[in-house]
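Please keep the sequence and the structure in view while reading.

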Amino acid sequence: MTPAEARSVIDQIAARMREKFGMACEWQGDALRFTRPGVKGDIAIGASEILVNAELGLMLSPMKGMIEQEIQRKLDEHFA
């Protein structure tokens, strides 16, 4: 997948994040930054990988495992 194709897929994921979770999303270079109360992070396009970083606030910390699984499932769905 080219970086442009990856960016298009990430834009689709971002649209879903905005709709479902009220996330604010903005591209900064090759990384999509996302925020909402209790969550902030980014999805970055690397040379041969997609890197996801998410910081959870105190209220969402207990759901870390479930959130990681959902992120992995979505990435596999779009990039596997």
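**The lining of the largest pocket**

The lining of the largest pocket is made up of 16 nonpolar residues, six charged residues and no polar ones. The model is a predicted one, and its protein chain has an average pLDDT of 89.

**Pocket**

- The space in the largest pocket amounts to about 630 Å³.
- A total of 22 residues line this pocket, and those nearest its centre are Met-17, Phe-21, Ile-67, Glu-70 and Ile-71.
- Helix 2 provides the largest share of the lining, with seven residues.

**Confidence**

- In the protein chain, 100% of the residues have a pLDDT of at least 70.
- Among the elements of the chain, strand 1 (residues 24-28) has the highest mean pLDDT, at 95, whereas helix 2 has the lowest, at 84.

**Nonpolar core**

- The largest nonpolar core consists of 14 residues, and those with the most contacts inside it include Ile-10, Met-17, Met-23 and Cys-25.
- Leu-32, Phe-34 and Ile-43 also belong to the group with the most contacts inside this core.
- Helix 1, strand 1, strand 2 and strand 3 are the elements that give two or more residues to this core.
- The largest share of the core, six residues, comes from helix 1.
- Leaving aside residues up to four places away in sequence, Cys-25 touches Ala-14, Met-17, Arg-18, Leu-32, Arg-33 and Phe-34.

**Asp-42**

- Asp-42 lies in strand 3.
- Asp-42 counts as buried because its relative accessibility is 16%, and the cut-off for buried is under 20%.
- When residues up to four places away in sequence are not counted, Asp-42 touches Leu-32, Arg-33, Phe-34, Leu-51, Val-52 and Asn-53.
- Between Asp-42 and Pro-62 there are 20 residues in sequence and 20 Å in space, C-alpha to C-alpha.

**Gln-72**

- Gln-72 is located in helix 2.
- With a relative accessible area of 43%, Gln-72 is partly exposed.
- Gln-72 and Asp-42 stand 30 residues apart in sequence and 14 Å apart in space, C-alpha to C-alpha.

Definitions and conventions. Residues are numbered from 1 along each chain as its sequence is written. This is a predicted model: local features need pLDDT of at least 70, side-chain atom pairs count only at pLDDT 80 or more; totals for chains, interfaces and linings use all residues. Side-chain values use heavy atoms; hydrogens and water are left out. On a 1 Å grid over the protein atoms alone, a cavity is a set of points where a 1.4 Å probe fits but cannot get out, and a pocket is an open set with protein on both sides within 12 Å along at least five of seven lines; lining residues have an atom within 4 Å of a point. Grid points are joined across faces, edges and corners, and a volume is the space filled by probe spheres set on the points. Helices (H or I, at least four residues) and strands (E, at least two) are DSSP runs, numbered from the N terminus. Ala, Val, Leu, Ile, Met, Phe, Trp, Tyr, Cys and Pro count as nonpolar, Asp, Glu, Lys and Arg as charged, and the others, Gly among them, as polar. pLDDT is the predictor's confidence in each residue, from 0 to 100. A nonpolar core is a set of buried Ala, Val, Leu, Ile, Met, Phe, Trp, Tyr and Cys residues joined through side-chain atoms within 4.5 Å. Buried means under 20% relative accessible area, exposed over 50%, partly exposed in between (1.4 Å probe, protein chains only). Contact means heavy atoms within 4.5 Å.
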